[in-house]
Amino acid sequence: MAAVPDGPPRGPDHDHWAPLRHHGDVEAEPGLLDFAVNVQGDAPPRWLRERLAATLDGLARYPSVTHDAAARDAVAARHGRRSDEVLVLAGSAEGFALLPALRPRLAAVLHPGFTEPEAALRTAGVPVARVLTDEDDGHRLHPSAVPDAADLVVLGNPTNPTGVLHPADAVTALARPGRVLLVDEAFADAVPGESASLAGASDLPGLLVVRSLTKTWALAGLRAGYALGAPDLLARLAGPRPPWPVSTPALEAVIACSSPAAVAEAMQAAERLAVLRAEQAAALAAVPGVTVLPGRAPYLLLRLPTGHGNRVRAALRASGVAVRRGDTFPGLGPDHIRVAVRPAAQSARLVEALAGALVGVAA
Ligand SMILES: Cc1ncc(COP(=O)(O)O)c(C=O)c1O
């Protein structure tokens, strides 16, 4: 694991950093079986849709301060925090877009990892040091590899796309006065028991945890999430926001999904996902030429035989299957692909398509 100095952009900023803005949704073209996006299911559960539908009659009014306060109360109760330690977001991606408001002098971003925080920071001209984890080392987090000078450190837990769940003590070792430690927990509720989550940790200096409703609740189109941190940190983050940044239905979703019954439902789903993950990993590992990298998230990172990644992705698409390319993630290459954990019937189609694409290819 090493901190990699990154040279100046080669061309116009938007061209150079464009790969960081690539996401699986553009690979999940209509009609393809979608393993590229890690949203669970096709639609939110009925009880949640009904809750959202009930807000439609009130859409003539702007989102209210009391509704926002109720959402913050609900999140606070869910995580054992105070309400002033909660900032409701229009998706966790909004939290990343706001990071430049913290005016970091040097941001250290763990990679391979979700690229939006780096994209937002780069676009705002913030210097970024990439801290690369190694496949040979199980993409383990070594806190000593993070530059001391970094006053903002960004990592995901579990990390996307590696799926690695870093132990809480390795993550907390990165916290220190004068530094903001952003932990992207967009997938934490898909890990049984939310193990290693720091959402409830109110005593760590500079800790900012970002959560998403997108994945577990199939709410990608709604844009709902939240940040947890010290009130002064949240106030700095929120500085550049427009008025009414979170819609009324999104506020309602945050309240609904923070209830004890919803949290219990998510936890059961996480247990089921862990079983499906193990089964899907075993079936994929049995395909000659496929290496399944270890992880705990509701997706799997695969390595394909050297030089075959692009061809295999095209072959999968031709057989009706979309997977997430790996090469837009710093630290991965064209022979990495990421696939969502899906129900058995769907993952069987992936396994079959992958085996077909790799026939005759030596590992
Ligand atoms: C690791 C990770 N964090 C955050 C996000 C953004 O999620 P949201 O829909 O909450 O903005 C994604 C979306 O792909 C993600 O993979």
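Rings of Phe, Tyr and Trp (its six-membered ring) pair if their centres lie within 6.5 Å; planes under 30 degrees apart count as stacked, over 60 as edge-to-face and the rest as tilted. The views below come from a predicted model, in which local features need pLDDT of at least 70, side-chain atom pairs count only at pLDDT 80 or more, and totals for chains, interfaces and linings use all residues. Residues are numbered from 1 along each chain as its sequence is written, and side-chain values use heavy atoms, with hydrogens and water left out.

**View A. A stacked pair, Tyr62 and Trp244.** Searching the whole structure turns up 4 aromatic pairs. In this one, the ring centres of Tyr62 and Trp244 are 4.0 Å apart and the planes meet at 25 degrees, so the pair is stacked. Distant parts of the chain are linked here: Tyr62 belongs to the loop between α2 (46–53) and α3 (65–79), and Trp244, 182 residues apart from it, to the loop between α7 (231–238) and α8 (248–257). Helices (H or I, at least four residues) and strands (E, at least two) are DSSP runs, numbered from the N terminus. Tyr62 is exposed at 57% relative accessibility, while Trp244, at 47%, is partly exposed. Buried means under 20% relative accessible area, exposed over 50%, and partly exposed in between (1.4 Å probe, protein chains only).

**View B. A tilted pair, Phe96 and Phe114.** These two rings sit 5.9 Å centre to centre, with 55 degrees between their planes. Phe96 is in helix α4 and Phe114 is in the loop between β4 (107–111) and α5 (116–123), so the pair ties together parts 18 residues apart in sequence. Look for Phe96 as a buried residue, with a relative accessible area of 1%; Phe114 is partly exposed at 25%.

View C. A polar side-chain atom of Arg223 is 2.6 Å from a ligand oxygen atom. On Asp184, a side-chain N or O atom lies 2.7 Å from a nitrogen atom of the ligand. Helix α4 (residues 92–97) gives the largest share of the shell around the ligand, 3 residues.

**View D. Arg338 over Tyr299.** The charged end of Arg338 sits over the Tyr299 ring, 5.7 Å from its centre. This description applies if NZ of Lys or CZ of Arg is within 6 Å of the ring centre and within 35 degrees of the ring normal.

Note on methods:
A polar contact is a pair of N or O atoms within 3.5 Å; within protein, one must be able to donate a hydrogen and the other to accept it, and residues adjacent in sequence count only if both atoms are side-chain atoms.
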